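Please report on the local backbone features, the domain interface and the charged pairs of this model. Keep it short and give the cut-offs.

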Amino acid sequence: MFENLMAQPADNIMALMGMFARDDRENKIDLGVGVYKDKTGLTPIVEAVKIAERHLLNNQISKSYVGLLGSLGFIDQMVDLTLNKSISKSRIVGAQAPGGTGALHQLFLLIRAARPTANVWVSMPTWPNHPAILKHLGLPMKSYRYFDEMTCSVDFEGMCEDLNTAAQGDILLLHGCCHNPTGANLTIEEWTEITNMCLEKNLIPLIDIAYQGFGDGLNNDVMGLQLMASKVPNMMIGASCSKNFGVYRDRVGAAIVVAEENLAAKLAEDNLKSLNRLTFSFPPDHGAAAVELILGDPELKQKWQTELEEMRKGMLALRLNLSKSLREKTKSDRFNFIADHRGMFSRLGLNTRNVEILREKYGIYMVADSRINIAGLHPEKIEFLAESISKVL
Ligand code: LMR
């Protein structure tokens, strides 16, 4: 039977992780998969999470099922974190899901149930798993221009031109902050323009927010999202806690729906509940329970925010230093944009051959489209990286 299966294309990011693990060179540098690393190269467990886990260990008295939507307390905290009173809670419902990917998956299923013929518009480029899951679920998909390869910044004119051709009722998938893979983000003025376009054309935004707190700060990173939520009648949010709480393997995510009125919100909630039941029954609890504890305890929340700020500032410093070092080594301003980008990623604008040489000759691993994970870079490796890049240009 299994011989009838089609061979599956490898996921580029996952394949790169495997290649890096098999490389036995000591000086190799992993700028591939998006995980935060500290100066020792470790992806540390956030101290606030450790404290919350200890609390769970000592106080949790049952491992029985929580509910098909997961913990409503967790959902409530995630709604506060992302939407922070920008709209009435009577219009908001949500479901816990396994990670940000799980949340997006469940929202895609909800879209398919509610509006099967709507196109889902994805940015060009986008996180490769967006189009992959949409295709897998059979949802119609279209792309809009987003990134200007020449300036390595947002091609806002191209984006608007393409979205102007969208049909009434189409879905617009946006990155809430820290665009993956480019690192180039919309300004608040651009969020306003896109919001107006959503209103005019009745586009329904779906915001993937996986890096809140990694860009310009916990609250600044959701300003665009909140502005949009305060204006549009319907909206969806797929939020991930993998990166900002460092709970990658625990799979913590929330699928949030904002509906025009309470009745529609309740319908969406019912459907999310049923979709969870059909997909995995109950979402995993442990990581979400830790996040809920942190967000519900002012002292612990403050501790987490301090740790998150340290990560963010570390990434900003790496950005500034890498862009400076590249300016010196290449004797050009070509890579200045690295300092302006935000979040874990920047797309460097190197060609596939450059990327291959960097990997084969220098042991520097980045995604084939030249996306680097800034947070994977050790400060002492900046000069070597800049020097190596300057040599392959
Ligand atoms: C990435 O883009 O590297 C991360 O979001 C990890 C993943 O699942 O692809």
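Cys 178 lies in the loop between E7 and H7. Its phi is near 50 degrees, a positive value in a residue other than glycine. Cys 178 counts as buried because its relative accessibility is 3%. Buried means under 20% relative accessible area, exposed means over 50%, and partly exposed is in between (1.4 Å probe, protein chains only). Helices (H or I, at least four residues) and strands (E, at least two) are DSSP runs, numbered from the N terminus.

This is a predicted model, in which local features need pLDDT of at least 70 and side-chain atom pairs count only at pLDDT 80 or more, while totals for chains, interfaces and linings use all residues. Residues are numbered from 1 along each chain as its sequence is written, and side-chain values use heavy atoms, with hydrogens and water left out.

The loop between strand E7 (171–175) and helix H7 (188–201) also holds Pro 181. A cis peptide bond joins Asn 180 to Pro 181, with omega about 25 degrees. Another cis bond links Met 124 and Pro 125, with omega about 5 degrees. Pro 125 sits in the loop between strand E3 (120–124) and helix H5 (129–137). Most residues other than glycine have a negative phi, and most peptide bonds are trans.

Ser 370 has a positive phi too, near 70 degrees. This serine is in the loop between strand E12 (364–365) and strand E13 (371–373). Ser 370 counts as buried because its relative accessible area is 0%.

Helix H4 spans residues 99–114. Its 16 residues reach 23 Å from first C-alpha to last, close to the 22 Å expected at 1.5 Å a residue. The expected span is 1.5 Å times one less than the number of residues. H4 is mostly covered, with 12 of its 16 residues buried. Among them are Gly 99, Gly 100, Leu 104, His 105, Phe 108 and Ile 111.

Phe 74 belongs to helix H3 (residues 72–83). Phe 74 is buried because its relative accessible area is 0%. What does Phe 74 contact, leaving aside its neighbours within four places in sequence? The partners are Gln 96, Cys 241, Val 252, Gly 253, Ala 254, Ala 288, Val 291 and Glu 292. Contact means heavy atoms within 4.5 Å. Arg 251 is 177 residues from Phe 74 along the chain, with 13 Å between their C-alpha atoms.

**The domain interface**

The chain is divided into domain 1 (11–45 + 301–392) and domain 2 (65–296). These bounds come from an automatic or database domain assignment. The domain centres, taken over C-alpha atoms, are 26 Å apart. In contact are 23 residues of domain 1 and 30 residues of domain 2. The area buried between them is about 2300 Å², and carbon and sulfur atoms give 62% of it. In domain 1, Trp 304, Arg 342 and Arg 347 lose the most area to domain 2, together 30% of what that side buries. Buried area is the accessible area (1.4 Å probe) that two parts lose on being put together, summed over both.

Between the domains there are 2 salt bridges. The rule also finds 12 residue pairs in polar contact across the interface, both residues at pLDDT 80 or more. On the side of domain 1 that touches domain 2, helix H11 (298–330) and strand E11 (345–347) are the elements that give two or more residues. H11 provides the largest share, 8 residues. A polar contact is a pair of N or O atoms within 3.5 Å; within protein, one must be able to donate a hydrogen and the other to accept it, and residues adjacent in sequence count only if both atoms are side-chain atoms.

**Salt bridges**

The count comes to 17 salt bridges. A salt bridge is a side-chain nitrogen of Lys or Arg within 4 Å of a carboxyl oxygen of Asp or Glu.

| Pair | N to O distance |
|---|---|
| Asp 216 and Arg 342 | 3.0 Å |
| Lys 89 and Asp 76 | 3.0 Å |
| Glu 161 and Arg 145 | 3.1 Å |
| Asp 369 and Arg 347 | 3.6 Å |

Asp 369 is partly exposed at 26% relative accessible area, whereas Arg 347 is buried at 9%. Salt bridges that share partners join Lys 329, Glu 383, Glu 387 and Lys 391 into one network.
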